[in-house]
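Notebook open, structure loaded. I'm jotting down what I looked up, in the order I looked.

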Amino acid sequence: MSLSNEWTEWHLTPEGWVRGTEKEDFRTINREPPPDRVKTVVYKQRLASVYSKLEEGHSVTWTANDSAATSRLETKFGPRRAICRPSSSSSASRYWKRLPGRGGLRGTESALWA
């Protein structure tokens with residue numbers, strides 16, 4: 001069992017990247033995917049122990065059939081972006097890399113680029 005194993009879905013829409021369902025260490029927050037999404041990316045973080053290195057990564061889990069719209073929105077808001085918000089309840093939050101957000105984000109989330 002790992003010390004921390006968290007993930008967040010991010011959906012690319014005409015409005016930008018929108019937070020989806022997320023699993024934190026002690027809770028899961030379910031959110032329905034937006035109907036106008038063109039891509040879904042899951043950003044993952046795992047910390048095996050307090051002595052191990054934080055494992056981070058992302059994967060594309062869904063893409064719309066409209067590749068032109070997907071390309072256009074990736075150009076506007078960033079391709080294959082993995083976005084996260086440090087959580088105060090997260091075991092791994094103190095280890096998270098923080099980079100300033102860019103246009104296309106809703107709220108004050110920070111962005112992690114793969």
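First, a definition I need: buried means under 20% relative accessible area, exposed means over 50%, and partly exposed is in between, with a 1.4 Å probe and protein chains only as cover.

Ground rules next. This is a predicted model, so local features need pLDDT of at least 70 and side-chain atom pairs count only at pLDDT 80 or more, while totals for chains, interfaces and linings use all residues. Residues are numbered from 1 along each chain as its sequence is written, and side-chain values use heavy atoms, with hydrogens and water left out.

**Whole chain**

I counted elements using DSSP runs: helices are H or I with at least four residues, strands are E with at least two, and numbering goes from the N terminus. That gives 1 helix and 7 strands, in the pattern β-β-β-β-β-α-β-β along the sequence. The chain has 114 residues, and 43% of them count as buried. I got an accessible surface of about 6,700 Å², with 51% of it on carbon and sulfur atoms; the areas come from the Shrake-Rupley method with a 1.4 Å probe.

I also looked at contacts, meaning heavy atoms within 4.5 Å. Among contacts with a separation of 6 or more, 57% are between residues 24 or more positions apart.

**The sheet**

Which order do the strands take in the open sheet? I read S3-S2-S1-S4-S5, 5 strands with antiparallel pairing. Two strands pair here if DSSP finds at least two bridges between them. Strand S3 (27-29) and strand S5 (55-63) are the edges: each has a single partner strand, so one side of each has no neighbour in the sheet. On average, neighbouring strands are turned by 20° against each other, direction ignored; axes are lines fitted to C-alpha atoms, for helices over the stretch in contact, and angles run from 0 to 180 degrees between N-to-C directions.

Then I went through the pairs:

- S1 and S2 run antiparallel with 6 bridges, and a hairpin connects them through 2 residues. Thr8 has Glu22 in S2 as its bridge partner.
- S2 and S3 are antiparallel too, with 3 bridges, and form a hairpin with 2 residues between them. Lys23 sits opposite Thr28 in S3.
- S4 (residues 39-47) and S5 are antiparallel, joined by 8 bridges. Lys39 has Thr63 in S5 as its bridge partner.

S2 is mostly covered, with 8 of its 9 residues buried. Arg19 and Arg31 are 12 residues apart in sequence, yet their C-alphas are 8.2 Å apart.

**Ser59, a spot check**

Ser59 is in strand S5. Is Ser59 buried or partly exposed? At 24% relative accessibility, I log Ser59 as partly exposed. Not counting residues up to four places away in sequence, Ser59 touches Thr40, Val41, Val42 and Lys44. For Ser59 and Lys44, I get 15 residues apart in sequence and 8.4 Å C-alpha to C-alpha.

**The helix and the core**

Helix H1 (residues 67-77) lies across strand S1 (4-13), strand S2 (16-24), S4 and S5, at about 110° to S1. Which residues of H1 are buried? I find Ala69, Thr70, Leu73, Glu74 and Phe77. They cover an arc of only 130° around the axis, so they are on the same side of H1; the arc is that of the directions from the helix axis to the C-beta atoms. After H1 comes Gly78, with a positive phi near 110°.

Last, the nonpolar core: a set of buried Ala, Val, Leu, Ile, Met, Phe, Trp, Tyr and Cys residues joined through side-chain atoms within 4.5 Å. The largest one has 8 residues, namely Trp10, Leu12, Trp17, Val38, Val41, Ala69, Leu73 and Phe77. S1 and H1 are the elements that give two or more residues to this core, and H1 gives the largest share, 3 residues.
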